[in-house]
Amino acid sequence: MRGEEREVNIFNMSFLDVLCCTVGALIFILFIQTLRTRDMVERQQLEKTVTKLEDAKAELLRTEQAEEQMREQFRQMKEDFNDVQDNITAAKKEKEELKKEYQAAVDELEQIRITAKKEKEELEEEKKELMEEKNQLVEEKTELAKEKEELESELVVAMDRLEEVREELKERDDTISKLVKELQEPNLPEVAFVDLSAKDPNAIDEAGKSMESQKTAHGQYLLGNLETQSIVCSSEGIYLGMSRRAIPINDNPDLGPLFRQFLRFHDPKQEGLWQTVWGNGEAAANMSMNLRASNRAIIGQGLIPRPEEYRAEAQQKATQEQIEMVALDTDNDGFKETRFEDADGDGRLDLKRVNMDNDEFYEELSLDYNEQRRQWARLLVDTDGDNEYDLLLQDTDPTDSDYEMKYLLPNLQTGSAVFRYEDSNNDGIWDAKEENIDMSNPYWEKRYLLFKPTAQRWEAVSVDANGDGQADILWRDTDMSNDDWEEKYVDEDGDGQWDVYWKDLDPRDNDWEAKLTQFNAENNIWQQCELDTDASGKFDTMLKDTDGDGEWDEETPIVDSDTESTETQTSPEP
């Protein structure tokens, strides 16, 4: 069925619905547009806000970083402050400790000062006591010297009385003594001497000894000091000096001249001889005393060149008769004991011989005649009657009248001698002495220098230990008031420089208190010294000069030293 057609009205409900929907849609669109516009504004604001927020975050981050840095710096500063505080605390502690140490050092120094002052006072007191002891010893020495003089005087009186008693007994018992001597067997001396004058000097006897070796042994027995000569009296006769041949005393015309010859050169003042009696040598001793007494006024000036009296007469005779030898009898005894010779054939008598005992040997031989002074410059003498020259005197200074050189036991073949004395300053005193004992080299093993007549001692003695002609050891006596050697120098390596210097610092003992080594030749100083400070006989302190300025820089103790300060004090006899 078909419906009814309706009238169309555009303003119906549908239109109104469409219109309302349109208006609603427009309103919705406007609203959406409004929302979009506001959203865009808000978005822009939000973006600005976000940007500002980002900037604020960045600023906050920078602020936090700066704060962290500041906190780190603050923490570091706090640590530094703590360290400084600790350092201040440690410094305060160290200051306190230094104050304590300083106070302790001050106290110790004050104690040292007190101790040093006390020790100084003790040393002064000890020095005073030593001076008193020294003065007391000097007084005792003076008293002892007086007592010695009194005892010597009493001894001289007693000896004179004893001699008188001996003479009385001898005269009273003369007959009995002669009978006893006839019945007694001859006693040999303690050291037997063999007369080998007729034998070859190099011949060997039954004991395997030559004449020269026997003379050397005899000389070593008698030779304690060649400044003093010996006279030995035995049953065989009298031995003069170092002679190995006895001079018989019975009906011997040679004894008197030989005795005068010996006294002339060795004891002109009758005060320096030793006389020894061996075995049954009383008769020889009495003969010796008588000969010395009879020759007391005969001082022959044996050590002074004498003007020649007879050479002019002999020279005139030799020129007239054209001969090279002239013999004269100068003492009118019927024997021509003086002989002049022309040794080199130049027409001048330049050699003189004198025979003292009228045998075949001439005991004096003079050489090198000086025409102007009428004196002989050299004189060889047999002083002890053994027919060998044992003394050579030499005048080396033509301006005076003294012998400046004296040789004992000269060797005419080699030109050397066992002993040589020298007067270097022409004061009449032998101020140098040299020894060549073994004669195996031309060098002197010992040299004695600077003789002190008041003390009768030599001030210095040098020793050539290895035979190279240079002194290896030098002894010095700087204090003549005692018998010790105060200094000793040693050249250990033979380079001509002293390597060790020993010194005796205490005159009361015989020890070395100092040993100096490491000699600095450039500065002329010793740079090391060992000391014996406690008189124990061993070195206990070492001093060193490390920079060579002459001042000791180091002082250290020596523990368990093996070097004794007494082991090398042995010295040669002066």
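## Close-up views of a predicted model

**Figure 1. The aromatic cluster of W475, W485, W502, W512 and F539.** In this predicted model, the residues W475, W485, W502, W512 and F539 come together as one aromatic cluster. The structure holds 11 aromatic pairs. In the pair formed by Y489 and W498, the ring centres lie 5.8 Å apart and the planes meet at 45°, so this pair is classed as tilted. Of these two residues, Y489 is buried, its relative accessible area being 15%, whereas W498, at 27% relative accessibility, is partly exposed.

**Figure 2. The chain as a whole, given as context for the close-ups.** The protein chain has six helices and 21 strands. It comprises 574 residues, of which 33% count as buried, and it exposes about 38400 Å², with carbon and sulfur atoms supplying 52% of that area. When contacts between residues at least 6 apart in sequence are considered, 38% of them join residues at least 24 apart.

**Figure 3. The largest nonpolar core and the surroundings of L255.** In soluble globular proteins, nonpolar side chains tend to be buried together. The largest nonpolar core here contains 15 residues, and those touching the most other members are I231, I238, L240, L255, F259 and F262. At least two residues of this core come from each of β1 (229-234), β2 (237-240), α4 (255-266) and α5 (282-294), and α4 provides the largest share, five residues. For L255, once neighbours within four places in sequence are left aside, the contacts are I238, I247, P248, I249, M287 and L291.

Figure 4. Side chains of opposite charge can pair when their charged atoms come close. The structure holds 18 salt bridges, and in one of them the side chains of E79 and R75 meet with a distance of 2.7 Å from N to O. Both residues belong to helix α1 (residues 13-172), where they are four residues apart and therefore separated by about one helical turn. E79 is partly exposed at 32% relative accessibility, and R75 is also partly exposed, with a relative accessible area of 36%.

**Figure 5. A salt bridge between R447 and E434 that links two strands.** R447 and E434 form a salt bridge in which the closest N and O atoms are 1.7 Å apart. Because R447 lies in strand β13 (residues 446-452) and E434 in strand β12 (residues 432-435), the pair ties together parts that are 13 residues apart in sequence. The relative accessible area of R447 is 29%, which makes this residue partly exposed, while E434 is buried at 4% relative accessibility.

Figure 6. In the salt bridge of E487 with R476, the closest N and O atoms are 3.6 Å apart. E487 belongs to strand β16 (residues 487-490) and R476 to strand β15 (residues 473-476), so the pair ties together parts that are 11 residues apart in sequence. E487 counts as buried at 8% relative accessibility, whereas R476 counts as partly exposed at 27%.

**Figure 7. Lysines placed over tyrosine rings.** K406 lies over the face of Y421, at a distance of 4.4 Å from the ring centre. In another such arrangement, K433 lies over the face of Y448, at 4.7 Å from the ring centre.

Figure 8. Most residues other than glycine have a negative phi. D368, although it is not a glycine, has a positive phi of about 60°; D368 is found in strand β7 (residues 364-370) and is partly exposed at 38% relative accessibility. N387 likewise has a positive phi of about 60° without being a glycine. The position of N387 is in the loop between β8 (375-381) and β9 (391-394), and at 23% relative accessibility N387 is partly exposed.

Note on methods: Residues are numbered from 1 along each chain as its sequence is written. This is a predicted model: local features need pLDDT of at least 70, side-chain atom pairs count only at pLDDT 80 or more; totals for chains, interfaces and linings use all residues. Side-chain values use heavy atoms; hydrogens and water are left out. A salt bridge is a side-chain nitrogen of Lys or Arg within 4 Å of a carboxyl oxygen of Asp or Glu. Buried means under 20% relative accessible area, exposed over 50%, partly exposed in between (1.4 Å probe, protein chains only). A nonpolar core is a set of buried Ala, Val, Leu, Ile, Met, Phe, Trp, Tyr and Cys residues joined through side-chain atoms within 4.5 Å. Contact means heavy atoms within 4.5 Å. Rings of Phe, Tyr and Trp (its six-membered ring) pair if their centres lie within 6.5 Å; planes under 30 degrees apart count as stacked, over 60 as edge-to-face and the rest as tilted. A charge sits over a ring if NZ of Lys or CZ of Arg is within 6 Å of the ring centre and within 35 degrees of the ring normal. Accessible areas come from the Shrake-Rupley method with a 1.4 Å probe; for residues, only the protein chains shown count as cover.
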